[in-house]
Amino acid sequence: MIALDAKWFESRWNQVKNRAGNRYTPGLDVSLPIYQSFEAVGQDPSFFDHFDSLVSELRKSALSFPKAALAVGTSGGEANAAAELLNLSVEHVLRLSALRKQAPIQLIGEEANKLLQETEPSIASLLEGFRRAESSKGKVDQSRSEYVVEEVHKLENHLGAIQEFITGSLWNAANSRKLFVLGPAGTGKTHLFCEMTQRRIRNGLPSLLFLGQAFHAPFKDALELLMQSVEPRLDAKELIAALDEYARKQSARCVIAIDAINEGNRDSWLQALPALVDALRPYEGIALAISCRTPFQHTLLPEADKLGFE
């Protein structure tokens, strides 16, 4: 059984970095939105930190919910119902936030999203009633009215931000465990994969990067090919199981990144990639990221969506 540690991953990274040559410039550290996709697929702490910050803002806003003021324009029952929905929404997103302690894990957000969808219009209805009631008054307390409207708008923004996050591409990547990066030649895909790997290893998170150009010879089993290239003496299934176990202990995923599959044996990748996805399916602690030069994705991974790639 192999003993994995941070030095083992750093050693493998240094080997690949040297082979990448001038395709990777370590000093060129450009933060791009796509880095968030790698953080999501690996369920890195930074992914959960971002979600936690959204939840924290919603929780603070919910505590300031001006229920009494909003109840003036409607029945008290409607205001109470909206407040109850809000409390349930906060409760469910807090439960989602707490799942980071069990990472890597599938993040099921459907129930929370359903509650958020019900909460937003109920609060909007209260605000509409409040405005009607205010406009019917002979004399309006302008500062009070502005305060209520501002608090409700802040709350609506926080509700919308969480709903957008748990239904968006980052949340999907965190659950699918698969990422497919496309781009024309020379757009920095290799640098991106190198930088992502370097960042994760620097942060103590397991990552393995493979360069497609290293696999020109025909092959059948992609998992065996990749695992044997880093540990020839070990059985491929034994190594992937060890990587999965190590990643779970780090409360994250080991991201296996394959750069530029179009530069390897294309016929072999076409046949082997679906089987690789199936082979990795049982391992919640393993994520897969692949890059390909356009337009070769149509011939190398024509059913990327069906295989669950983001």
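Which residue of β4 does L179 stand opposite? L179 stands opposite A289 in β4. Before I go further, let me say that this is a predicted model, in which local features need pLDDT of at least 70 and side-chain atom pairs count only at pLDDT 80 or more, whereas totals for chains, interfaces and linings use all residues. Residues are numbered from 1 along each chain as its sequence is written, and side-chain values use heavy atoms, with hydrogens and water left out.

To return to the sheet, β1 pairs with strand β4, residues 286-293, in the parallel sense over six bridges; strands count as paired if DSSP finds at least two bridges between them. The elements themselves are DSSP runs numbered from the N terminus, helices being H or I with at least four residues and strands being E with at least two. Four strands form an open sheet with parallel pairing, and their order is β1-β4-β3-β2. At the edges are β1 (178-183) and β2 (207-211), each of which pairs on one side only. From one strand to the next, the twist averages 15 degrees.

Now to the helices. Helix α6, residues 110-135, and helix α7, residues 142-166, have axes that come within 10 Å and cross at roughly 165 degrees, where axes are lines fitted to C-alpha atoms, for helices over the stretch in contact, and angles run from 0 to 180 degrees between N-to-C directions. That makes α6 roughly antiparallel to α7, a label used for angles over 145 degrees, while under 35 counts as roughly parallel, 65 to 115 as roughly perpendicular and the rest as oblique. The contact of α6 with α7 has, by class, 13 nonpolar, seven polar and five charged residues; here Ala, Val, Leu, Ile, Met, Phe, Trp, Tyr, Cys and Pro count as nonpolar, Asp, Glu, Lys and Arg as charged, and the others, Gly among them, as polar.

For a second pair, helix α1 (residues 6-20) and helix α9 (residues 189-202) pack at an angle of about 155 degrees, with their axes 11 Å apart. These two helices, α1 and α9, are therefore roughly antiparallel to each other.

Finally, the backbone. Most residues other than glycine have a negative phi, and most peptide bonds are trans. What is the phi of R177, positive or negative? R177 has a positive phi of about 65 degrees, although it is not a glycine, and R177 lies in the loop between α8 (169-176) and β1. As for cis peptide bonds, one runs from A103 to P104, with omega near 0 degrees, and P104 sits in the loop between α5 (76-98) and α6. Another cis peptide bond joins T294 and P295, with omega about 5 degrees; P295 is placed in the loop between β4 and α13 (297-300).
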